[in-house]
Amino acid sequence: MENCRRDWNKAKKKITRCIHILQRDLPDILISEHPTKHIFLGNAGLTTNADESSLVELITSVGCGLEALTLLPGKQYSFASFTSPEQARAVLAAAHGHLEVRGSTSPVYMAFVDKVPMDPSPIKFRFPPGLSMLEEFVTPKEELQLLNLVDWAAAPPAVAQGEAAHQGSTPLFIFSSVTIDCLSRCKCDEEEEKEDRGSVMKHRQVRHFGYEFQYSNNCVDKRRPLPQGLPPPIDYLLRRLVDRGCMPSLPDQLTINRYLPGQGIPPHVDTHSSFTDELLSLSLGGGVNMDFRYVGGGGSSVEGSRDKPPHYVVYLPPRSVCVMTGPARYEWSHGICPRMTDVVASRNSATGLQLLPRQERISFTFRKIRQGECPCQNARVCDSYGKEQKDSSQGESKGSPSPPEPPSERSAARLERDHVLQVYDQIAEHFSVTRHKPWPQVLEFVLSLAPGSLLLDVGCGNGKYMGHNKRVLQMGCDTSFELMKICNTRGFEVLTCNCLQLPYRDYVFDATVCIAVIHHLATEGRRLAAVREMARVLRVGGRGLIYVWAMEQRRGDKKSAYLKQNKESSGAETIKDVNSEDKASPNRHHNKGGEAVRSGAASLPVHVNRTEFMQQDMLVPWKLKPSKKYESRCERRRCDRGCVGVGGHGCRNNKVQGGDPTADALHISNCCVLASQENVRCDKCVSKSRKKVVCGENRGDQVFHRYYHVFKQGELEVLCSQLNVRIVKSYYDEGNWCIIFQKVS
């Protein structure tokens, strides 16, 4: 009896201490004196090596009716919910102060509580914008070969011995049976920590190739490359990185880190001026949680507040490549917390959490040295910003124009009406002639859909992506009435609507595509609304594909298809002035390339075709010539009164490039006939069409200006991350930023 009383008093003291910790952490959860469905489990949490399986084993050994478990990352307690208070009371009576969790030497202390935390996981297991993961990038056999490349026992000498000693020695790096003879400035972190970070990175070993990564300032000295480049045994891996689209060109800097359990690396952002857009990390051996914290400040649309910026956790599984681009590369710090275990998301867990012990991990970090300065304008994190600001101020003193202010909602709608809707209605026929060959990766997405799927093409244009997959039911919509008429003649199921207000029910479609549409919307809010509408009409689990025009029309040394089409040596196209009749039209602006056109509330510059973009918001010319530019079936569409000018119509049939059997090019010397109009007459006749046909004898080149907002790298990811979608894939395709997302709720 005395022993029982002593044990009860001990348990009472222990549970009082545990309750004190609970009330300090979660003051809104109250202890109940009467039995409830919820039990607080003190001394049984993720920090005490308890996991879901061990807790289930403990509870089911003394009772039944377990409904749910709630484990909190970083806490020494958890919660159990039962189907009834009676079942909870039976478990507490049998286990409180007596039983212990498997792997622990201390008993579990329990108490009734009125509720459990609504959000059991304060950690957000999600990708920051611009981050993607390629799992199983190497095979297990290749992983073993890569793990055996570095001889970690052969520590390279430190740079601290001096440049003279460095130049006079020839240290060896051992890669399996391959010995790489190189003058090296590599060093172990035992040496590095004395200079750079004290004991924070104690005992973590590192090797550098190509250039030495300097941990004191997270950059490299571009003037001092290492004599030996990247090791030849990994040439196949470098080529694979480029072939899989991870980098546009081969990396020229490699850092290999060795992490033992309990080791990490402090949060940091690799210097903007030293490296290009892509930062790649290949994980070998063991997986690890990498912490991403937003440090960019300013205008990116992310969760969190100024006082508490967002913190995301991403698990890097073995044999995977983590690709950081855009905001994830420039505006989010990445680091690894030194600990022995990681809490990871688990698909097979009721709570969604699992505790994994860390193993030895070898990381291969690939970078590309940047030539010149970083073009981003983030003063908070970019070391090139000071120089850019200086150049900018010099440009302003010379009278260079400043970027236009974002338009208001009303002026944005007017801008889209004048320079998107009305323009596409007027150029619909010519536009359709130039849009006949599907983009391969878009077509691959469409053909990958399961039979019976319902697909919506938002902004379908002339229906270029419709009708390819006969096993799915496809619908399309567009704001241009004239383009919808073309789709209708081709037998497609389409309707006219605005992408900001889709006339479809929620959760209807299995997939949506939106190709080259939302870059015509004039504000970030309207672009977000368009993506939100796409997500709304998708069922949970449905996928969407978005393409937008990229501001970056070069990837390394490779030009996009848009720039390649510039065949003029000067790289510029001049926009010719036209007659006074055209100038009077409110939605046509004719002036020299590069000049500003006032439209609505903003003065927008006119882009010079086939050249790189200098700003995000602009007007892009569409030039119509009076000859050699229209599609027509000349045998069936002649002037019905036989009217001919001097020399006649001079018809001749030529197939349009691309092999579209429905599109013929009609070259007319004196009169351009619109392709979609039956019984068309030229300007000398009374036309039966509501459109007026352009006579080549009297009209010059017509130039229409379309509004565009070209997207910077990572901007599309930021837009999609604000919605309940998961980014499945983010990639670059011939001058376009592209995203495949999946609706999660």
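The structure is a predicted model, so to speak of a local feature takes a pLDDT of at least 70 and a side-chain atom pair counts only at pLDDT 80 or more, while totals for chains, interfaces and linings use all residues. Residues are numbered from 1 along each chain as its sequence is written, and side-chain values use heavy atoms, with hydrogens and water left out.

First, the overall picture. The chain has 16 helices and 33 strands; these are DSSP runs numbered from the N terminus, with helices being H or I of at least four residues and strands E of at least two. Of its 745 residues, 51% count as buried, where buried means under 20% relative accessible area, exposed over 50%, and partly exposed in between (1.4 Å probe, protein chains only). Among contacts (heavy atoms within 4.5 Å) with a separation of 6 or more, 70% come from residues 24 or more positions apart.

Now for the cavities. Strands 9 (253–259), 10 (265–268), 11 (279–284), 15 (332–336) and 18 (361–367) each supply at least two of the lining residues, and strand 18 gives the most, with 4. Ser363 also sits in strand 18 and counts as buried because its relative accessibility is 2%. Leaving aside neighbours within four places in sequence, Ser363 touches Thr255, Ile256, Asn257, Tyr259, Ser281 and Leu282.

Next, the packing. A nonpolar core is a set of buried Ala, Val, Leu, Ile, Met, Phe, Trp, Tyr and Cys residues joined through side-chain atoms within 4.5 Å. The largest one has 35 residues, and Leu456, Ile518 and Ile546 have the most contacts inside it. Elements giving two or more residues to this core include strand 22 (509–515), helix 13 (524–537) and strand 23 (538–549), and helix 13 provides the largest share, 6 residues. Beyond its neighbours within four places in sequence, Ile546 is in contact with residues including Cys514, Ile518, Val531, Leu716 and Trp737. A second, separate core of 32 residues includes Phe431, Val606, Met618 and Val620.

Elsewhere, Val113 in strand 4 (residues 109–113) is buried, with a relative accessible area of 0%. Its C-alpha atom is separated by 5.7 Å from that of His38, 75 residues apart along the chain.

Two loop residues other than glycine have positive phi. Arg319, with phi near 70 degrees, is placed between strand 13 (311–316) and strand 14 (321–324) and counts as buried at 19% relative accessibility. Ala516, with phi near 60 degrees, lies between strand 22 and helix 13 and is partly exposed at 35%.
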